[in-house]
Amino acid sequence: MNPSTVLLLGDITGKGCVGLRMLTAQLERLGHEVLALPTALISNIFRLGSHESLETTDYLIRTLDTWAKLGIGYSVMYVGYVTGSAQAWALCGAMDEARSRGVQVIVDPILGDEGQMYRSVTPDQADAMRLLCGHADILTPNMTEACLLTGTPWQASFSCEALGNMARSLGEGRRSVLITGAAIESGGRACVGLDAQSGGQICLPYEPVAGSHYGTGDRFTALLIDGLLRGRDLAQAADAAQQGVRAWILAGAHEKR
């Protein structure tokens, strides 16, 4: 098995370099082999308004079974966008089986941003994300998603202590958590969380770039995976990832998608 092979499960969007398109491009550019399986085919990014989508659960599960028979392995498994609880239940077994083999499973619970759930997310999809979180090694919610998953009322900013409490609630002492893009009451932003392996708390401040920037979460996750595969601990990988995202925004690369 190639130690830098990554399995990506998420949406493939026809127009808009997000989801699997962004993750695959970044990881392959960094020298990793990518196994990309769509949870859904989506015509375009949701913020354009209407869209068409095709759910792919049966194909996805059959492909995972076929790859297992062929001996095709991977060292990291990422799960992002899912279509609902039925698909999530189908994936839980694959996630648990992968973890039993020492594969690190990362879940990005795609639910919302800026204090609101995405208009495209249904209550069933929210339940699906909560289910998947229980089968992960690492969770990477943004601040909105951390609030939604823990039932915490939204605020424009939180204390480091409050964010740490959310991370502990999500981690349940069994999984690592990185709350990304968190606004800190004392000023600035940070990636806040905890490392379940070391038991250490994580607080990584960074200087935000003004404006709205799309695709940053996917970019962060790709760089995080790259750092972990290169032997960095969780805090080191997260810090390098958020600095890489900031450099990407300043270079204007996000505007060329």
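Below are my entries, starting with the ground rules.

**Ground rules**

I am working with a predicted model, in which local features need pLDDT of at least 70 and side-chain atom pairs count only at pLDDT 80 or more, while totals for chains, interfaces and linings use all residues. Residues are numbered from 1 along each chain as its sequence is written, and side-chain values use heavy atoms, with hydrogens and water left out.

**The sheet**

I began with the strand order. Helices (H or I, at least four residues) and strands (E, at least two) are DSSP runs, numbered from the N terminus. Two strands pair if DSSP finds at least two bridges between them. I found an open sheet of nine strands with mixed pairing, in the order 3-2-1-4-5-8-9-10-11. Strand 3 (53–55) and strand 11 (201–206) are the edge strands, each pairing on one side only.

Next I went through some neighbours. Strand 1 (residues 5–15) runs parallel to strand 2, with ten bridges between them, and I noted Gly 10 opposite Pro 38 in strand 2. Strand 1 is also parallel to strand 4, through four bridges; here Leu 7 stands opposite Met 77 in strand 4. Strand 4 in turn pairs with strand 5 in the parallel sense, over four bridges, and the bridge partner of Met 77 in strand 5 is Val 105.

**Strand 4 side chains**

Which way do the side chains of strand 4 point? Val 76 and Tyr 78 point one way, Met 77 and Val 79 the other way, and all are buried. My cut-offs are under 20% relative accessible area for buried, over 50% for exposed and partly exposed in between (1.4 Å probe, protein chains only). In a regular strand the side chains alternate between the two faces of the sheet.

**Helices on the sheet**

I then checked helix 3 (residues 85–100), which lies across strand 1, strand 2, strand 3, strand 4 (76–79) and strand 5 (104–107). Helix 3 runs at about 165 degrees to strand 4. Axes are lines fitted to C-alpha atoms, for helices over the stretch in contact, and angles run from 0 to 180 degrees between N-to-C directions; contact means heavy atoms within 4.5 Å.

Helix 6 (residues 160–171) packs on the sheet too, touching strand 8 (138–139), strand 9 (176–183), strand 10 (189–194) and strand 11. Its direction makes about 145 degrees with that of strand 9.

**Salt bridges**

I counted a salt bridge when a side-chain nitrogen of Lys or Arg is within 4 Å of a carboxyl oxygen of Asp or Glu. How many does that rule give? The count comes to seven salt bridges.

Arg 101 pairs with Glu 97, their closest N and O atoms being 2.7 Å apart. Arg 101 counts as partly exposed at 41% relative accessibility, and Glu 97 as partly exposed at 39%.

Arg 99 and Asp 137 form another salt bridge (3.0 Å, N to O). Arg 99 lies in helix 3 and Asp 137 in the loop between helix 4 (123–133) and strand 8, so this pair ties together parts 38 residues apart in sequence. Arg 99 is partly exposed, with a relative accessible area of 29%.

Asp 226 and Arg 230 also meet in a salt bridge (2.8 Å, N to O). At 7% relative accessibility, Asp 226 counts as buried.
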